[in-house]
Structures are given as structure tokens and as C-alpha cells.
Amino acid sequence: MSTDKKTLLNELQQAVIEGDGERAKVATQKCLDAGIAPLEAVEFGLRDGLKIVGDRFEKLELFLPDLMLAAEAGNQVMSVLEPIITAGGGESKSAGTVVIGTAKGDIHTIGKNILAMLLKLSGFQVYDLGADVPATTFLEEARKHKADVIAISALMTSTMPGQREVVRLLNDVHERESYEVLVGGAPVTQNWATEIGADGYSETASGGVALALKLVAKK
Amino acid sequence: MLDFFEIIRRAMNGPYYPEKDYDLKVVVPKLRQIVKKYDIRFDSKEPVNLSDKLADDVFAAALELCEEVGCYCSDTSRVIKFTREELLEALRDAPSAPVFGEGADRRAMVGRKPDSDIKPWCFVGAGGATCSNTDVYVRLVEGYGRIPLANSVTCPNLKTINGMETVAGSPLEILACIRAIELGRAALRRAQRPGLPIMNSISTAVTDAAKIAGSEFGLRDSDCWLVGFAAEFKVSFQRLNEVAYILARGGQLIGESGPILGGYAGGPESMAVVTTAYHMFSILVLRASVHLTFPLGMRGWNTNQQLMWSQSLSTQAINRNSHMPHMWYTYCAAGPMTEMNLQEIASGMIVGVASGGNIEFGGVGAARNVDHLSPVEPRFATEVANAAAGVTRAEANDMAKRLLAKYESQLLDPPKGTPFQESHDWGSITPCQQYVDLVGKVKDELRGYGLKLP
């Protein structure tokens, strides 16, 4: 890759890291004008930038707002690239589709938001259903978006049964095998995940991403 | 001070923001700007803040933050805004010595200052942790009632009711809340301390309806009710409904907040500002008589250097500038009957008390594992907290450093510990000899640091 191209991709990467959507959009256009292939811009500009953001978040050098702004900047980049990729008969690679929300009764969102952002940064298509989500909504949204993963967060012991309810519902409608179910949240443990028949649990958001990648790859 | 009707009026009519805009376009940029303006910097070496000026700067920064961002009502998407004068008036008019409890256990809780030798109020017990059934619940609460230095208790969360899992929002939640408060009162009577206040309301409650319904079966106006914000600076109608009910019946509240390190609150320095700002919102929005904060890491504990420094700084900022009682909360990573857990407790209690806090203690093993709690940990916490009264911040800093050197490297993989049923004689609710010896060993270690433990 030429030095000029590298410089342009670096500029795109930096704009994404800094969460500057407008600058990222301009940098994307400059990459295209210089003849950089759209998928190359995704791979070396956007995705690498998002990975750096995720890594720095792990080290507490960046925080949740930075993740959110970087993800927004990523959306701006894709708004330029996606139509060109699609028109060319290609498709931008998605790591998989996740519907995510907090269990019925639970209004805490920070842990769920962090995982949603890290999943986005890792290339997942994420549908965030918000807080206090009934089991039926998880099912309906997973069907609608042809999800690979259903991720359910619970911050309170009393809302953890909402995670079990999703698994029960999937079994009742004979769709348990269609989705990988991940559970997390401060009071949640591996024992609980095993007890309710979830496919995975992680104590941390970054662990949740690794697990999602592993489970989707296995599908 | 503005009255509660005015708070509700503002929650209904304040400026409208989509939630994401309030987070990213209001709170985050203003917080970052203010932290920079007041030059608040994290000290990665000390677990205790040793600068009065920095504490006062954090308070000034928090006051400005409150004025700039207001408190967000998540049901109306409107911001409850306050002027600086209204915030200062609230600080002036806030209660300074609210009284809680009944009979022999009736007592005033006072605000403390950093380095103060006034004994801290000890609010101890489960801290939101869960027990599997009513049998465990009653024994635990009786055990808490028998802690001599306990001034109030926090009852556990009841996981099941009549063999059925307590599901939030279902009738089982209401039934479990009723059962929890009935049993809590009965257990404290068994402990011969029927007047001891239950200060966490009903931790089994998720919804306002369950908390209010449950309270009718035994919560008292003298208990003090716990009502919390959502991170960051958000309050729901469910919580405001609870406030409306409690005020009408003449009860008092603890306003609680748990900002998350790495979340919207950012790093340790900005989290100290956020934590301090909650104190003012607690007075005005939740009508609190006491404020409790528990800044947390993503893994659910707050006993590392970063979090202790941040909480120490905000605790000092609050206690140097407000007379309303403030509580320090320690959430440990390690489970019960482990040396690490006792070291975490000691570290938290010493730093919290020297920073001017009263203390709440519970949340052993990040309150994660069912039945992994016992009366020994809160009893130990009360003893250390009382011994720490009069310890200076500099001395506390040295002690905490020595303790951190022993356990901090284990925080990411802490021992789970032993469940209550296995660490205690079930009939007498007394700890096994192994646990008694372990507590003795850690106490000896603390005496070696200069702590005057009985």
C-alpha cells in the first residue's frame, strides 16, 4: 500500500477513534477519491479504528461515551461506503446479528450499553431493545432481524428470572436452536447461565464480545 | 428549599432531550469541560486523597455540573433544572442530624468531617446480596441484629417465595416483599433489638408497587427508605412515586447513587465530580436526609486504588462542604471467609471513615453468589470502622496501601468464599472456629498497622 493511501486510511482511523463523524465522513470520501477500495476502507480504516477504541476502553483510557461516539462515526463512514459496496455486488462483512436488552423489570442500562457498543465496534449488527424488555419482545425482534444472538442483561437478582423466561419461551416455541443466548449483569454467574440453559455468560463486556464471536462462528 | 411539587412540575415541563442527547451532548461534554476547568487530576499512587483544596475544587465543580446539566426524568425525557441559588439553598436546608430507629436503638445520624474522631454510623448487613430461602434470611438478619456496633441493618434479597422464584413485576414480587419485611422485623426481635432500623427498605422490591405494598407489612417511618438514581443523573417516575409515598407518610429517605467507572462518569477524577453532584440531587430530587454513594467498577466491586481514591475524594468533597450525613459503601470482590475479603473490608472502612463517611457495608463477593454472606463480615466492618474514627487521612492512606499490596493483584480472580450454611453453626448462628481464627489473624495484622481494635 502506498504512503498516500496509508495516510488517508490513518486519517479515517483517527477520525473514528476520536468519534468525529463529520471528519470520518470526509476522510472516507477522500479514501474513495484516491482509489482505495471500499472494503479496504472498511477493513483498514474503520474496523482497525474501532478495534483500537475497544482496546483503549479495556485499559480505561477511553470510556463509554467514547465508544458511543466512535460507533456513531462508524455509522457515518458506512453511510458513504455501504451504497457503493452494495451497488458493486459486494457486501460489507458483518460478524453477526445481535438483539440485546435488559430483562423484564430491569431499568439499568449501562452494562448493556457497553456490550452493545463493543459488539458494534467488533462488526456485529446490533439491535438494542432498551431496558425492561419482555421475553416476547426478545423473541419477536430476534425473528424480525434474523438474529444470531440474543443477549440479555440483568442487574438485579429479582430481574434475573427474566433471562430464564426468554430461554423458556424459545423452548416453548421450538426455536431454541435458532439463537445463541448470552446472559450477563452484575449478579449473574456461570452457574446461573448453566442452570437456565443459556449458551454463554461473561463477567465483562469484552468477554461477551469474544463469546459472541465464538458462538456465531460455531453456528 | 424547593418543595416536591415543584420537582414534579419541572420533571413534567423542563427542557426536552432525547436520552442519548442528554448523555452525549449535555452531561459528557459539560463534565469533561468542568473537570478540565477545575484541573482535577487522578493520583494513581495514593488510595486516599490528601488535599483539602482538591476536595473543595471537586465540590465547586460538582455544584457547577448540577447547575449546568440538571437531573433527567426518564419517563418524560425532560430535565429538572436548578439554579445555583436553589442548589445552595438546598445544601443549607438539608437535614443535619436525622433520627432513626425506635426504643433503645433510636439515634441521630450526624455528618462527619475528614479525620473526625466521631464514631461513624454503621449501616450493615447484606447490601443487596441474595439468599436462597426464608430460613437463611431469618438467620442472617438475626445475626445482623446481634452485631453490637450495628446502628441499622440492610436485609438481604429473597430469591424465592414458597419455593417459587421471585419474578420482578409479578404478584410473586409483592408477596416476597411482604414476606421479607415481616421476617426482617421478626428476626430483629429475635435478636432482642426490635427497634433497630431497617435502612434498605425492601431490597427484594424492584417496582414501586412492590416496595409500597410490602412496606405496609412492617416498615416504619423511623426506618429510613432507600431510593436510587439511575446512572447518570436519571430518575424514573417509579422512584419518584416512592418518594411521594414516603414523604406523605412522614418517612425519611437515603438517596443512593452508583456511578460506573468507565461509563458516562468517565475516569476516577470525573467520577468524583459525578458522585459529589449526586449529593445535591439527592437532597432536592429524592428529598433525602442521608446520601449514600457506591462508585463501582465494571465487575461490581470498588476496592482497588482507583475507585478508593475517587470515592475518598468525593466523600471528602461532600463532607467538607455539606452538613447532611453521607455514607461510604464498600463492595468487595472476594467472598466470605477469605483473608482477601477481610482485607478489602478493612481497607474500605479505614479509608471511608477517615474521609468523613458514615458507612454502609454489605456486598461481599460483589453480592453475586447466593448465600455467600454472613454476619461475620459486617460485624468485622463495624469494628474496623469504629476503630478508624480518629485515624487521619495520611494514616489511613498508609494502612490502605499496605492492605492493597496484599490483595489488589487478586481482584480480577477473587476467591468465591464459603456459603453461610457452611461457615456457621446453624442453630446458634455462630461462626466456625476456622472463621474466628481468620478474623483474629487479620485483626492482629491491623493492630500492627496501628489500628486500635478491641
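Where in chain A is the place of A:His174? In this predicted model, A:His174 sits in the loop that runs between helix H7 (161-172) and strand E4 (180-184) of chain A. The backbone there has a phi near 60 degrees, which is a positive value in a residue other than glycine, and A:His174 is exposed, its relative accessible area being 72%.

A positive phi, again near 60 degrees and again in a residue other than glycine, is found at A:Leu60, a residue of the loop between helix H3 (38-58) and helix H4 (64-87) of chain A. With a relative accessibility of 27%, A:Leu60 counts as partly exposed, because the value falls between the 20% and 50% limits that separate buried from exposed. In chain B, another backbone feature deserves attention: the peptide bond that leads from B:Ala231 to B:Glu232 is cis, with omega near -20 degrees, and B:Glu232 belongs to the loop between strand E11 (225-228) and strand E12 (234-235) of that chain.

A:Leu81 lies in helix H4 of chain A and is buried, with a relative accessible area of 0%. Although A:Leu81 and A:Ala41 are 40 residues apart in sequence, their C-alpha atoms are 8.3 Å apart in space, and, once neighbours within four places are set aside, A:Leu81 is in contact with A:Thr28, A:Leu32, A:Pro38, A:Ala41 and A:Val42. In chain B, B:Ser347 is found in helix H11 (residues 339-354) and is likewise buried, at a relative accessible area of 0%. The side chain of B:Ser347 makes a polar contact of 3.3 Å with the side chain of B:Tyr407, while the contacts of B:Ser347 beyond four places in sequence are with B:Met308, B:Ala400, B:Leu403 and B:Tyr407.

The last part of the picture is the interface. Here 32 residues of chain B are in contact with 30 residues of chain A, and the area buried between the two chains is about 2,600 Å², of which carbon and sulfur atoms give 59%. Across this interface there are 5 salt bridges, and the side chains of B:Glu165 and A:Arg164 meet in a salt bridge with an N to O distance of 3.0 Å. The count of residue pairs in polar contact between chain B and chain A, with both residues at pLDDT 80 or more, is 10. On the side of chain B that touches chain A, the largest share, 4 residues, comes from helix H2 (residues 19-37) of chain B.

Terms used
Residues are numbered from 1 along each chain as its sequence is written. Chains are lettered from A and ligands numbered from 1 in the order in which they are written. This is a predicted model: local features need pLDDT of at least 70, side-chain atom pairs count only at pLDDT 80 or more; totals for chains, interfaces and linings use all residues. Side-chain values use heavy atoms; hydrogens and water are left out. Helices (H or I, at least four residues) and strands (E, at least two) are DSSP runs, numbered from the N terminus. Buried means under 20% relative accessible area, exposed over 50%, partly exposed in between (1.4 Å probe, protein chains only). Contact means heavy atoms within 4.5 Å. Buried area is the accessible area (1.4 Å probe) that two parts lose on being put together, summed over both. A salt bridge is a side-chain nitrogen of Lys or Arg within 4 Å of a carboxyl oxygen of Asp or Glu. A polar contact is a pair of N or O atoms within 3.5 Å; within protein, one must be able to donate a hydrogen and the other to accept it, and residues adjacent in sequence count only if both atoms are side-chain atoms.
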